[in-house]
Amino acid sequence: MAMSGRMMGGLLGGALLAVGLAQAQDDTFDEYRSMFGDDNPAIFIVDEGSELWTQARGPENVSLEQCDLGQGPGVVENVYGQLPRYFEDTDSVMDLEGRLIHCMVELQGFKREEIIEGIYSGAGDNGTEMEALVAYVADASQGSKVAVPQSHPEEKAAYKAGEALFYHRAGPYDFSCATCHRQSDKRIRLQSLPNLTEAEGARATYTTWPAYRISQGVVRTMGWRMRNCARQQRLPELQPGSEAVVDLLMYMGVNAEGGSMDAPGLKR
Amino acid sequence: MAGRMRMRARMSGDVAEVKVLMQHPMETGQRKDSEGKPIPAHYIKEVMATLGDRTVMAAQWGAAISQNPYLSFRIKDAKKGDTVKVSWTDNKGETASTEAKIG
């Protein structure tokens, strides 16, 4: 009996230690982040994005300055928190990455397949054009409020579809987004998991992506984050700018209403 | 991409606090790209900081320093308005520098 009592003590001690570690990991990273102050290596990538935006490029040799991200052609300021949204010219709801692909194809004459092929950095890459452009656009929205529109019927439909997808269990693990992101104060290994069904978690997430990932040395976009979530669930690869991504983003963005944009963020 | 730098310098009590962010891939030479080919080593070897014509720091760096390094250090005997200059040289002989007035 004395033996099992000690074992109980050991188990309890182990559980406490695990909780303590989760806390410690967040604290250590917060400390690390505060050492950076207002600095973030993403600023270099923002500069690259700004150049990419204004340079005449592609087969058509034009810049992206006529690209309409929702607030009129060429307007970059404060667009991030109001995407995804409905666009009349394409008669569809689009997110930032999807819209940038659209502009690069329609204005600059790039091939959609080629953009999508190299859209996110792989192992050993030092950043892609899309990552730089997204960082630039997000940076120009710093401090603005998240106000993803829900006035057009297509926007409402996207939210509904996004919500359904969020809870839809699929794949060999029978996972949904909700499996990890419907409860507060949960973690996977030592990573805190945001509860995306509530304003607090959705805001903390929506407003801090894209982000410079210190462990990878590149800016990662929300589209990349979502594709990786799908990969971890063993679901088919999420295509950038696709309906599934847009709908899920719409769900998260509307839940994040009122958050203050603070991207590019700085992540582990 | 290498070469961009951002520096801030301000008085904090009686010392000047300098923070520099440097854009550099800091490749160790041990990594492979997506096609499996080795990525050649490319890293900063030397970092120099000067206050006016006085060298206040000379650092030897290696491949263990992270990509886009962030450096913070303090300088004694500095005052507001002094100019701090920071420069680096990498293993390919490339170099970059930036300067800032202490605020």
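Biologist: Which residues are linked with B:Arg4 in a network of salt bridges?

Modeller: This is a predicted model. Look for a side-chain nitrogen of Lys or Arg within 4 Å of a carboxyl oxygen of Asp or Glu. Here A:Asp47, A:Glu51 and B:Arg4 form such a network.

Biologist: How many salt bridges does a search of the whole structure find?

Modeller: Over all chains, the count is 13.

Biologist: Which parts of chain A does the pair A:Arg99 and A:Asp89 tie together?

Modeller: Start with the distance. The closest N and O atoms of A:Arg99 and A:Asp89 are 2.8 Å apart. A:Arg99 lies in helix H3 of chain A, and A:Asp89 in the loop between strands E1 and E2, so the bridge joins parts ten residues apart in sequence.

Biologist: Is A:Arg99 buried or exposed?

Modeller: Buried means under 20% relative accessible area, exposed over 50%. A:Arg99 is buried at 2%.

Biologist: What separates A:Lys160 and A:Glu163 in helix H6?

Modeller: About one helical turn, because they sit three residues apart in that helix. Their salt bridge has its closest N and O atoms 3.9 Å apart. A:Lys160 is exposed at 57%, while A:Glu163 is partly exposed at 28%.

Biologist: Now chain B. Which side chain meets B:Lys37 in a salt bridge?

Modeller: That of B:Glu35, at 3.6 Å from N to O. B:Lys37 is partly exposed, with 49% relative accessible area. B:Glu35 is exposed, at 64%.

Biologist: How many helices and strands does chain B have?

Modeller: Zero helices and seven strands. Of its 103 residues, 43% count as buried.

Biologist: And how far apart are the mean positions of its positive and negative charges?

Modeller: Chain B has 17 positive and 12 negative charges, and their mean positions are 4 Å apart.

Terms used: Residues numbered from 1 in each chain as written. Chains lettered and ligands numbered in written order. Predicted model: local features only at pLDDT ≥ 70, side-chain atom pairs only at ≥ 80, totals over all residues. Heavy atoms only, no water. Helix = DSSP H or I, 4+ residues; strand = E, 2+ residues; numbered from the N terminus. Buried < 20%, exposed > 50% of the residue type's maximum accessible area, 1.4 Å probe, protein only. Lys, Arg positive; Asp, Glu negative; His and termini not counted. Charge placed at Lys NZ, Arg CZ, Asp CG, Glu CD.
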